[in-house]
Amino acid sequence: MKRLLTFLKGQPTILIGLLLLIALILMAVLAPWVGTLDPTALNPVKRTQGPSADFWFGTDLLGRDVYSRVVYGARVSLIVGFSVAIFSTLIGTVIGLAAGFTKWVDAIVMRIMDGFMSIPTILLAIALIAVTSPSMKNVIVAITIAEVPRVVRLIRGLVLTLREQPYVEAAVASGASTMRIIAKHIFPNTVAALTVQATYICGVAILAEASLSFIGAGVPPATPSWGNIMAEGRALWQIKPYLIAFPALFLSITILAINMLGDGLRDAIDPRMTRRSGE
C-alpha cells in the first residue's frame, strides 16, 4: 500500500483520473442511496422546474427528478464502457496475436478487419442494433464488434515488430514453443499499448452509447441514461438548458477521468516514454 501511495504521488495525472473515476463508480453503485427520488417516478404537476432545494438538477418534461436520473445514468455508461473495453481488448488481442504470427490467418483476418474499420463505429452499431432490438446487452455487443478491429490492428502491428527483435529470434532458435514466446516475450510488451487502447475504447464506448441513446437506438427510453436524458431535453434546451447541461457535464467528466487515467498509465508503464521524458 505504501508503494502504491508513493507511486500515485509521483503520477498526478493518474491520481486525479483515478479519484474522479472512483467517485463516479461509487455514485453508480450507491445510486439507490445517492439519488434522492425514483428516477422513473412521474410528477406532471412539477414538470420542467428549475434547480432547487427539492430538485437539485430540476425536473424534466414528465416531472421526473433530473438529478436522480443522472445518478442512475452513470450505471449504464460505466457498464457499457467497461464491458466494451474488456471484451474488445480480450477478443482483439487473441485475434491480433494469431494474425501476427500466422501468415494465412493474417491474410484472411486483416481483410475482414479492414472491412469493419471502413464503417464508422456509430453506423455499424446502428446497423447491428437495427436487426435486433434496443437494449444494454445489444449496445455492448454492437460497440464491441465495431471496436475489435482497432485492437486487432494494434496488436498485429506490435507482433510484427516484436517478433523481429533479437530476444525473440533467440527464443525461436532455442526451440521455445510459439505459445511460450507469445506469453513470455510478446504479450508483456503489448500491455502498455493495450492499456492506452482500452481506455480509449472505454471512452469511445461511453460516447457511442450516449449517441445511440440520444437518437433512440440505444438503451430503452424507460432506462435512465445520459443520452436518453439529453434526448428528452433537447426540445427545451434553449429555455431549459439544465436538461442537457447536467448529463453532458457528467458525461464529459467521465471521459476526462478515463483519458487522464489512460495517459498517466501509458507514461508510467512504457519505459520508452520514461526514457524520453528524462532526456
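Rings of Phe, Tyr and Trp, the last taken by its six-membered ring, are counted as a pair if their centres lie within 6.5 Å. In this predicted model, Trp56, Phe57, Tyr67, Trp226, Phe246 and Phe250 form one aromatic cluster.

A search of the whole structure finds 5 aromatic pairs. One of them joins Phe57 and Tyr67 in an edge-to-face arrangement, with 5.2 Å from centre to centre and 90 degrees between the planes. Because Phe57 lies in the loop between helix 3 (31-34) and helix 4 (66-101), while Tyr67 belongs to helix 4, this pair ties together parts that are 10 residues apart in sequence. Phe57 counts as buried, with a relative accessibility of 12%, and Tyr67 likewise counts as buried, with a relative accessibility of 10%.

Phe57 also pairs with Phe246, and here the ring centres are 4.0 Å apart and the planes stand at 5 degrees, so the pair is stacked. This second pair links distant parts of the chain, since Phe57 sits in the loop between helix 3 and helix 4 whereas Phe246 sits in helix 12 (residues 242-269), 189 residues apart. Phe246 has a relative accessibility of 21% and therefore counts as partly exposed, the cut-off for a buried residue being under 20%.

A contact of another kind involves Arg234, whose charged end sits over the ring of Phe214 at 4.8 Å from the centre of that ring.

**Pocket and cavity**

The table sets out two of the spaces found in the model.

| Space | Volume | Lining by class |
|---|---|---|
| Second largest pocket | about 190 Å³ | 8 nonpolar, 2 polar, no charged |
| Largest cavity | about 30 Å³ | 3 nonpolar, 1 polar, 2 charged |

The second largest pocket is lined by Leu21, Phe82, Ala85, Ile86, Thr89, Ala198, Thr199, Cys202, Ile258 and Leu261. Helix 4, helix 10 (191-214) and helix 12 each supply at least two residues of this lining, and helix 4 gives the most, with 4 residues. No charged residue is found in the lining of this pocket.

The structure holds 1 cavity of 30 Å³ or more. Helix 11 (residues 226-233) gives the most to the lining of the largest cavity, with 3 residues.

Helix 11 is largely enclosed by the rest of the structure, because 7 of its 8 residues are buried. The buried residues of helix 11 are Trp226, Gly227, Asn228, Ile229, Met230, Ala231 and Gly233.

**Annotated span**

An unreviewed UniProt entry places the feature "domain: ABC transmembrane type-1" at residues 74-262. In the model, the end C-alpha atoms of residues 74-262 lie 20 Å apart, and the span is 79% helix and 0% strand.

Terms used:
Residues numbered from 1 in each chain as written. Predicted model: local features only at pLDDT ≥ 70, side-chain atom pairs only at ≥ 80, totals over all residues. Heavy atoms only, no water. Phe/Tyr/Trp six-rings, centres within 6.5 Å; stacked < 30°, edge-to-face > 60°. Buried < 20%, exposed > 50% of the residue type's maximum accessible area, 1.4 Å probe, protein only. Lys NZ or Arg CZ within 6 Å of the ring centre and 35° of its normal. UniProt positions renumbered as here; feature names shortened; annotations may be inferred. 1 Å grid on protein atoms, 1.4 Å probe; cavity = no way out; pocket = protein on both sides within 12 Å on 5 of 7 lines; lining within 4 Å. Points joined across faces, edges and corners; volume = space filled by probe spheres on them. Nonpolar A, V, L, I, M, F, W, Y, C, P; charged D, E, K, R; others polar.
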